[in-house]
Amino acid sequence: MLIGLGALLLMVVAGRVAGISGIISGIGSQPDKGWRLAFVVGLLLIPLLLFQAKMVEVPSLAAVAPGKLLLAGLLVGVGTRLGNGCTSGHGICGMGRGSLRSVVATLVFIVAGMVTVTLLK
(Lines give C-alpha, C1' and ligand atoms only; values in the text may rest on other atoms or scores of the structure.)
Protein backbone atom coordinates (compact mmCIF):
# COMPACT_ATOMS: atom_id res chain seq x y z
CA MET A 1 0.00 0.00 0.00
CA LEU A 2 2.84 2.39 0.84
CA ILE A 3 4.58 1.65 -2.48
CA GLY A 4 1.38 2.45 -4.36
CA LEU A 5 0.93 5.67 -2.39
CA GLY A 6 4.55 6.65 -3.05
CA ALA A 7 4.13 5.92 -6.77
CA LEU A 8 0.94 7.98 -6.89
CA LEU A 9 2.53 10.92 -5.08
CA LEU A 10 5.57 10.87 -7.36
CA MET A 11 3.30 10.86 -10.43
CA VAL A 12 1.04 13.65 -9.13
CA VAL A 13 3.76 15.88 -7.67
CA ALA A 14 6.63 15.36 -10.11
CA GLY A 15 4.98 13.74 -13.13
CA ARG A 16 7.42 10.84 -12.81
CA VAL A 17 6.91 7.08 -12.95
CA ALA A 18 8.16 5.29 -9.82
CA GLY A 19 10.03 2.52 -11.61
CA ILE A 20 12.84 1.68 -9.22
CA SER A 21 15.28 0.51 -11.89
CA GLY A 22 14.87 3.78 -13.79
CA ILE A 23 15.15 5.87 -10.65
CA ILE A 24 18.33 4.14 -9.53
CA SER A 25 19.95 4.14 -12.97
CA GLY A 26 19.31 7.88 -13.24
CA ILE A 27 21.05 8.76 -9.98
CA GLY A 28 24.47 8.90 -11.59
CA SER A 29 23.56 10.43 -14.93
CA GLN A 30 20.58 12.73 -14.46
CA PRO A 31 20.66 16.33 -13.23
CA ASP A 32 17.59 15.70 -11.02
CA LYS A 33 19.42 13.51 -8.47
CA GLY A 34 17.77 14.98 -5.38
CA TRP A 35 14.33 13.38 -5.64
CA ARG A 36 15.90 10.12 -6.88
CA LEU A 37 18.18 9.88 -3.85
CA ALA A 38 15.34 10.80 -1.50
CA PHE A 39 13.11 8.12 -3.01
CA VAL A 40 15.78 5.40 -2.67
CA VAL A 41 16.66 6.48 0.89
CA GLY A 42 12.96 6.28 1.76
CA LEU A 43 12.73 2.78 0.27
CA LEU A 44 15.59 1.67 2.50
CA LEU A 45 14.75 3.66 5.61
CA ILE A 46 11.04 2.85 6.03
CA PRO A 47 11.50 -0.95 6.26
CA LEU A 48 14.35 -0.47 8.74
CA LEU A 49 12.11 1.72 10.89
CA LEU A 50 9.29 -0.83 10.69
CA PHE A 51 11.70 -3.63 11.69
CA GLN A 52 13.04 -1.57 14.60
CA ALA A 53 9.53 -0.77 15.82
CA LYS A 54 8.69 -4.51 15.66
CA MET A 55 5.78 -3.72 13.35
CA VAL A 56 7.02 -6.31 10.85
CA GLU A 57 9.22 -9.36 11.25
CA VAL A 58 12.58 -9.58 9.53
CA PRO A 59 12.57 -12.62 7.23
CA SER A 60 15.32 -15.13 7.83
CA LEU A 61 17.50 -16.17 4.93
CA ALA A 62 19.56 -18.59 7.01
CA ALA A 63 18.06 -21.63 5.27
CA VAL A 64 18.84 -20.29 1.78
CA ALA A 65 22.19 -21.16 0.25
CA PRO A 66 24.30 -18.08 -0.60
CA GLY A 67 24.73 -19.35 -4.17
CA LYS A 68 20.96 -19.40 -4.66
CA LEU A 69 20.69 -15.85 -3.36
CA LEU A 70 23.43 -14.71 -5.73
CA LEU A 71 21.81 -16.48 -8.68
CA ALA A 72 18.41 -15.02 -7.78
CA GLY A 73 19.84 -11.51 -7.64
CA LEU A 74 21.57 -11.92 -10.99
CA LEU A 75 18.42 -13.30 -12.62
CA VAL A 76 16.33 -10.42 -11.28
CA GLY A 77 18.87 -7.96 -12.67
CA VAL A 78 18.91 -9.63 -16.08
CA GLY A 79 15.11 -9.82 -16.15
CA THR A 80 14.83 -6.16 -15.24
CA ARG A 81 17.15 -5.25 -18.08
CA LEU A 82 15.41 -7.51 -20.61
CA GLY A 83 11.95 -6.34 -19.55
CA ASN A 84 12.86 -2.65 -19.66
CA GLY A 85 11.81 -2.25 -16.06
CA CYS A 86 11.09 -4.03 -12.82
CA THR A 87 7.98 -5.20 -11.04
CA SER A 88 7.42 -1.81 -9.41
CA GLY A 89 7.63 0.02 -12.71
CA HIS A 90 5.49 -2.39 -14.69
CA GLY A 91 3.28 -3.95 -12.02
CA ILE A 92 2.37 -0.86 -10.07
CA CYS A 93 2.94 2.14 -12.29
CA GLY A 94 2.59 0.72 -15.80
CA MET A 95 -0.53 -1.30 -15.11
CA GLY A 96 -1.98 1.65 -13.22
CA ARG A 97 -1.58 3.71 -16.39
CA GLY A 98 -3.13 0.95 -18.51
CA SER A 99 0.06 0.06 -20.39
CA LEU A 100 -0.34 -3.17 -22.39
CA ARG A 101 3.44 -3.68 -22.34
CA SER A 102 3.36 -3.52 -18.55
CA VAL A 103 0.47 -5.97 -18.30
CA VAL A 104 2.41 -8.46 -20.45
CA ALA A 105 5.63 -7.88 -18.49
CA THR A 106 3.84 -8.36 -15.15
CA LEU A 107 2.24 -11.60 -16.36
CA VAL A 108 5.67 -12.84 -17.45
CA PHE A 109 7.11 -11.94 -14.02
CA ILE A 110 4.31 -13.83 -12.26
CA VAL A 111 4.56 -16.92 -14.46
CA ALA A 112 8.37 -16.99 -14.15
CA GLY A 113 8.04 -16.77 -10.37
CA MET A 114 5.49 -19.59 -10.28
CA VAL A 115 7.67 -21.81 -12.47
CA THR A 116 10.72 -21.06 -10.33
CA VAL A 117 8.96 -21.88 -7.07
CA THR A 118 7.49 -25.06 -8.58
CA LEU A 119 10.91 -26.25 -9.80
CA LEU A 120 12.76 -25.38 -6.59
CA LYS A 121 10.21 -26.66 -4.07
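These are my notebook entries on a predicted model of a protein chain.

**Ground rules**

I number residues from 1 along each chain as its sequence is written, and I keep to heavy atoms for side-chain values, with hydrogens and water left out. Since I'm on a predicted model, local features need pLDDT of at least 70 and side-chain atom pairs count only at pLDDT 80 or more, while totals for chains, interfaces and linings use all residues.

**Overall layout**

I started with secondary structure and got 6 helices and 0 strands for the protein chain. Helices here are DSSP runs of H or I with at least four residues, strands are runs of E with at least two, and both are numbered from the N terminus. The pattern along the sequence reads α-α-α-α-α-α.

Next I looked up the extents: the C-alpha atoms fill a box of roughly 45 × 40 × 30 Å along the principal axes. I then took the accessible surface (Shrake-Rupley, 1.4 Å probe; for residues, only the protein chains shown count as cover). It comes to about 8900 Å² for the protein chain, and 74% of that belongs to carbon and sulfur atoms.

Buried residues make up 18% of the 121 residues. My cut-offs in relative accessible area are under 20% for buried, over 50% for exposed, and partly exposed in between (1.4 Å probe, protein chains only).

I also checked contacts, meaning heavy atoms within 4.5 Å. Of the contacts with a separation of 6 or more, 33% are between residues 24 or more positions apart.

**Nonpolar patch**

Which residues form a nonpolar patch on the surface? I list Leu2, Leu5, Leu8, Leu9, Met11, Val12, Val13, Val17, Val41, Leu45, Ile46 and Leu49, with about 1100 Å² of accessible area together. The elements that give two or more residues to the patch are α1 (2–14) and α3 (33–52). Helix α1 gives the most, with 7 residues.

For the record, patch residues have over 30% relative accessible area and no salt bridge; like charges are joined within 9 Å, and nonpolar side chains (Val, Leu, Ile, Met, Phe, Trp, Tyr) within 5 Å. A salt bridge is a side-chain nitrogen of Lys or Arg within 4 Å of a carboxyl oxygen of Asp or Glu.

I picked out valine 41, which lies in helix α3. At a relative accessible area of 48%, valine 41 is partly exposed.

Helix α4 (residues 66–82) has 17 residues and reaches 24 Å from first C-alpha to last, close to the 24 Å expected at 1.5 Å a residue. That expected span is 1.5 Å times one less than the number of residues.

Asparagine 84 follows α4 and sits in the loop between α4 and α5 (87–96). Its phi is positive, about 55°, although asparagine 84 is not a glycine. Asparagine 84 is exposed at 56% relative accessible area.

Lysine 54 also has a positive phi, near 60°, and is found in the loop between α3 and α4. With 73% relative accessibility, lysine 54 counts as exposed.

**Cysteines**

How many disulfides are in the whole structure? My search finds 0, taking a disulfide as a pair of cysteine sulfur atoms within 2.5 Å. For cysteine 86, the nearest cysteine sulfur is that of cysteine 93, 8.4 Å away.

Cysteine 86 is buried at 11% relative accessibility, and cysteine 93 is buried at 9%.
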